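Please look over the sequence and the structure shown below before reading on.

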Amino acid sequence: MRDLELTPRLRRLADWVPPGARLADIGTDHGYLPVWLRLHGRVASAIACDLREGPLARARETGRAWGADGIDYRLGNGLAVVSPDEADAVVIAGMGGENIAAILARAPWTAGGKHTLLLQPQTRAEVLRAFLAENGYAIRREALVEDRGVLYPVMEAGGGEMSLTLGQLHGGAALLHDPLGERYIIQKIIRLQTAVAGINRSGKGLEKADRLREIITALLSMREEWRRANGS
């Protein structure tokens, strides 16, 4: 029987799950991550959660199809259906950074320092980084994964303290030695420059344009820092 294959994005998350952890996978969708981890004996147990019945049904079917046991499938909003003592590793992936921040905000126990948080925002990563810095979390490590031509940041966080510069908020908290770091920063700069050009053409939102220019300047500095760190 062929092995269940994970996308590069999910495989990075799987690699970062502490061995023997009790996992809670929030927004599990098809359930590939908890099923793969259980099939490979990487976690002691798993809770697969989703807000909608459709994705949760697909996750159950994935578990049945692959014969994965030790997974509890739960319908619910974020971490509302998980108690702090049921899991020590929490994965929240495949959604916008603002949604991940909202889920964590509704579960302040995640900042207590007892849980490993593995976070993968699809968009608005800067919103998530800002939330973490302002609410008692620290990013322990961050990496970029290319999946179907798109770069995704993956973060390991937990309770703690950190402060981030404007450049780090938008260009990554800990990506100076990531081989994809410069490309990620350049993509951010190009998108922001496009937004500024649109504002200039419309003549509206000039204050926003000034703020975006500040971010661009910070990212240009980050790019130079990345190049020095990597001998470029």
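## A covered helix

In this predicted model, the buried residues of helix 5 are Ala125, Glu126, Leu128, Arg129, Ala130, Phe131 and Leu132. Helix 5 is therefore mostly covered, since a residue counts as buried when its relative accessible area is under 20%, and seven of the 10 residues of helix 5 are buried. The list takes in Glu126 and Arg129 as well as residues such as Leu128 and Phe131.

The cover over these buried residues comes from several parts of the chain, including helix 4, strand 5 (116–121), strand 6 (137–147), strand 7, helix 6 (166–171) and helix 7. Just after helix 5, Gly136 adopts a positive phi of about 85°.

## The second largest pocket

Helix 7 makes the largest contribution to the lining of the second largest pocket, giving five residues. By residue class, the lining of the second largest pocket divides into eight nonpolar, four polar and four charged residues.

## The largest pocket

The largest pocket holds about 730 Å³ of space, and 34 residues line it, of which Arg9, Gly27, Asp29, Ala93 and Gly94 are the closest to its centre. Two or more residues of the lining come from each of helix 1 (8–16), strand 1 (21–26), helix 2 (32–39), strand 2 (43–50), strand 4 (89–95) and helix 4 (97–105).

Among the contributors, strand 4 supplies the largest share of the lining of the largest pocket, with four residues. The lining of the largest pocket is made up of 14 nonpolar, 11 polar and nine charged residues.

## Ala48 in strand 2

Strand 2, which gives residues to the lining of the largest pocket, contains Ala48. Is Ala48 buried or exposed? Ala48 is buried, because its relative accessible area is 0%.

Leaving aside residues up to four places away in sequence, Ala48 touches Asp25, Thr28, Pro34, Leu56, Ile71, Asp72, Tyr73 and Arg74. The C-alpha atom of Ala48 is separated by 9.8 Å from that of Val91, although the two residues are 43 residues apart along the chain.

## The chain as a whole

The chain contains eight helices and seven strands, and its C-alpha trace spans about 55 × 35 × 35 Å along the principal axes.

Of the 232 residues in the chain, 49% are buried, and the accessible surface comes to about 11100 Å², with 50% of it belonging to carbon and sulfur atoms. When contacts between residues at least 6 apart in sequence are considered, 68% of them join residues at least 24 apart.

How values were computed: Residues are numbered from 1 along each chain as its sequence is written. This is a predicted model: local features need pLDDT of at least 70, side-chain atom pairs count only at pLDDT 80 or more; totals for chains, interfaces and linings use all residues. Side-chain values use heavy atoms; hydrogens and water are left out. On a 1 Å grid over the protein atoms alone, a cavity is a set of points where a 1.4 Å probe fits but cannot get out, and a pocket is an open set with protein on both sides within 12 Å along at least five of seven lines; lining residues have an atom within 4 Å of a point. Grid points are joined across faces, edges and corners, and a volume is the space filled by probe spheres set on the points. Ala, Val, Leu, Ile, Met, Phe, Trp, Tyr, Cys and Pro count as nonpolar, Asp, Glu, Lys and Arg as charged, and the others, Gly among them, as polar. Buried means under 20% relative accessible area, exposed over 50%, partly exposed in between (1.4 Å probe, protein chains only). Contact means heavy atoms within 4.5 Å. Accessible areas come from the Shrake-Rupley method with a 1.4 Å probe; for residues, only the protein chains shown count as cover.
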